[in-house]
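Me: Please take a close look at one part of this structure, and stay with the details. I want to follow the contacts residue by residue.

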Amino acid sequence: MAGIGFEIRKILKKNTLLSVFEAYGYAGLIGSGPWLLSIVALMLIGILSLGVVLPKVLIIQFLTLVTYMMAASLILTGGLQLLLTRFVADLFFQKNDEQVLPNLLGAQLVTTIAALLIGLAVWPILPLPVVTKIIILGAFISLCNQWLGAIFLSGMKEYRLILVTMLSGYSFMVLLAFLLRDWQIDGLFFAFFAGEALLFFSFLFMIIRRYPGGKLISFDFLNNKKVYYSLFFCGLFYNIGVWADKIIFWYSPATSIQIIGTLRASPIYDLPIFLAYLTIIPGMAVFLVRMETDFVEQYNRFYSAIREGSSLEEIFYLKDKMVQTAQGGLYDIFKIQGITVACLLLWGEQILTFIGIDPNYKTLLFIDVVGVGVQVIFLSILNILFYLDKRSTVLFLSGLFLFINIVLTIASIALGPQFYGYGFALSTIVTSVVGLFWLSKQFEELEYETFMLQ
């Protein structure tokens, strides 16, 4: 599925300071994807709505419901994203591109039905007008399908078009929310729905243009002879793990407040963690350029040498190059996220004051920044293991991440405010360390397993 990184790397060949900023700028924004850009868009919508959407609690209800939609959509589609990614990657390897679009449409149909059922299940607990609920349901379905479309973006090469599409979609969302502020909360939800629908159909149009299909719809991606269902649970456990600490804080009486119906939020925890996620943009840029480009290049050379019958000496040499590239990529991500953490330690309080946020959030923000920074490293480790086809290892690490996050987050709440955030941060650190040891072991045995386990 790698592809866009190779195009971005061509910019670096200009060998100028400007080309470095240009390449990593594209990589950061595209690598961060709709998830982080949506955080910025929602923050802008919240700021622009102040003083117009009244009472202020309506804005809080809007942001809370959107956050729940984000969490539910990622958990719902997380497993299918990985399942479909591997299935499509196999289709590409087999030069069977005409099956890509029908199976994407099949996956989106399944996702739409599942999202609709979930939406109808929570329908009774939302004390909102019917029209508002219909808009929210449409937004949730669009959001779920957008995640499936987004997995194809890394395989495409039109990085400028992709970036313009994403920026246009979220700019349209913010502008529409500004224009419809007088509609109160309905206007905000309609703007969110319209923006997500625009992105969903834009991604779908790009995919249809790039991978025209031979038939309308297919469900081969559910055929147990063609897919690996362990990937579904990898994605499910990972995404629940990412949201587990937030959900626990939402429903702990000591750390949360009721927002609308049975839905709750944790003001003390939500703001720092979402601000922290904005700091992973540099790490995601390095991830896209180094792991999804440099590592993939060496990976392809190693396995091509095996398939084409190269000498054992050359295979050993290419394996060493692949390992060195993986080590270098992980080290570069560690360095860039370390610099980000250091900058926030130095100027975090001033930044919070400048944007009008209580400086008392500073300590929790620092902890969360470390946690999300290490999460990028954890994601890189999982990515390498996926390339090596170590699905059982990824399943274990994802389950471990989920388990530790739940246990330590509950413990941190019991221990008091000074320990908030440590559950998430320690869960990413522990699983990353375990993952690094396991990855090292996998690399040591790679030639043996490659030849002997076929």
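Reply: Start with a cut-off. A residue is buried under 20% relative accessible area, exposed over 50%, and partly exposed in between. Arginine 86 has 22% relative accessibility, so it counts as partly exposed. The model is predicted, so side-chain atom pairs count only at pLDDT 80 or more.

Arginine 86 is the way into the part to look at. Its partner is aspartate 389: the two form a salt bridge, with the closest N and O atoms 2.8 Å apart. Side chains of opposite charge can pair when their charged atoms come close. Aspartate 389 has 32% relative accessibility, so this residue is partly exposed too.

Now widen the view to the domains. The domain assignment gives domain 1 as 4–227 and domain 2 as 267–453. The contact between them draws 20 residues from domain 1 and 20 residues from domain 2. Taken over C-alpha atoms, the centres of the two domains are separated by 23 Å. The size of an interface is often given as the accessible area lost when the parts come together. Here the area buried between domain 1 and domain 2 is about 1800 Å². Carbon and sulfur atoms give 77% of that area. The count of salt bridges between the two domains is one. Polar contacts across the interface amount to one residue pair, with both residues at pLDDT 80 or more.

Which helices supply the side of domain 1 that touches domain 2? α1 (4–12), α2 (17–49) and α3 (57–93) each give at least two residues. The largest share, ten residues, comes from α2. By class, this side of domain 1 has 13 nonpolar, five polar and two charged residues.

Tyrosine 251 lies in the loop between α8 (229–250) and β1 (257–260). At 40% relative accessibility, tyrosine 251 is partly exposed. Its side chain makes a polar contact of 3.1 Å with the side chain of tyrosine 68. Leaving aside neighbours within four places in sequence, tyrosine 251 is in contact with Tyr68, Ser256, Thr262, Leu263 and Arg264. One of these, leucine 263, is twelve residues away along the chain from tyrosine 251, and their C-alpha atoms are 8.5 Å apart.

Serine 256 is in the loop between α8 and β1 as well. Is serine 256 buried or exposed? Its relative accessible area is 7%, so serine 256 is buried. The side chain of serine 256 has two polar partners to note. It reaches the backbone oxygen of tryptophan 250 at 2.8 Å. It also joins the side chain of arginine 264 through a polar contact of 3.0 Å. Not counting residues up to four places away in sequence, serine 256 touches Phe249, Trp250, Tyr251, Arg264, Ala265 and Ser266.

Lysine 246 pairs with aspartate 245, the closest N and O atoms being 3.4 Å apart. Lysine 246 has a relative accessible area of 1%, so it is buried. Aspartate 245 is at 0% relative accessibility and also counts as buried. Lysine 335 pairs with aspartate 332, with the closest N and O atoms at 3.5 Å. Both residues lie in helix α11 (residues 312–354), three residues apart, about one turn of the helix. Lysine 335 is partly exposed at 38% relative accessibility. Aspartate 332, at 19%, counts as buried.

Back to the starting point.

How values were computed:
Residues are numbered from 1 along each chain as its sequence is written. This is a predicted model: local features need pLDDT of at least 70, side-chain atom pairs count only at pLDDT 80 or more; totals for chains, interfaces and linings use all residues. Side-chain values use heavy atoms; hydrogens and water are left out. Domain bounds come from an automatic or database domain assignment. Contact means heavy atoms within 4.5 Å. Buried area is the accessible area (1.4 Å probe) that two parts lose on being put together, summed over both. A salt bridge is a side-chain nitrogen of Lys or Arg within 4 Å of a carboxyl oxygen of Asp or Glu. A polar contact is a pair of N or O atoms within 3.5 Å; within protein, one must be able to donate a hydrogen and the other to accept it, and residues adjacent in sequence count only if both atoms are side-chain atoms. Helices (H or I, at least four residues) and strands (E, at least two) are DSSP runs, numbered from the N terminus. Ala, Val, Leu, Ile, Met, Phe, Trp, Tyr, Cys and Pro count as nonpolar, Asp, Glu, Lys and Arg as charged, and the others, Gly among them, as polar. Buried means under 20% relative accessible area, exposed over 50%, partly exposed in between (1.4 Å probe, protein chains only).
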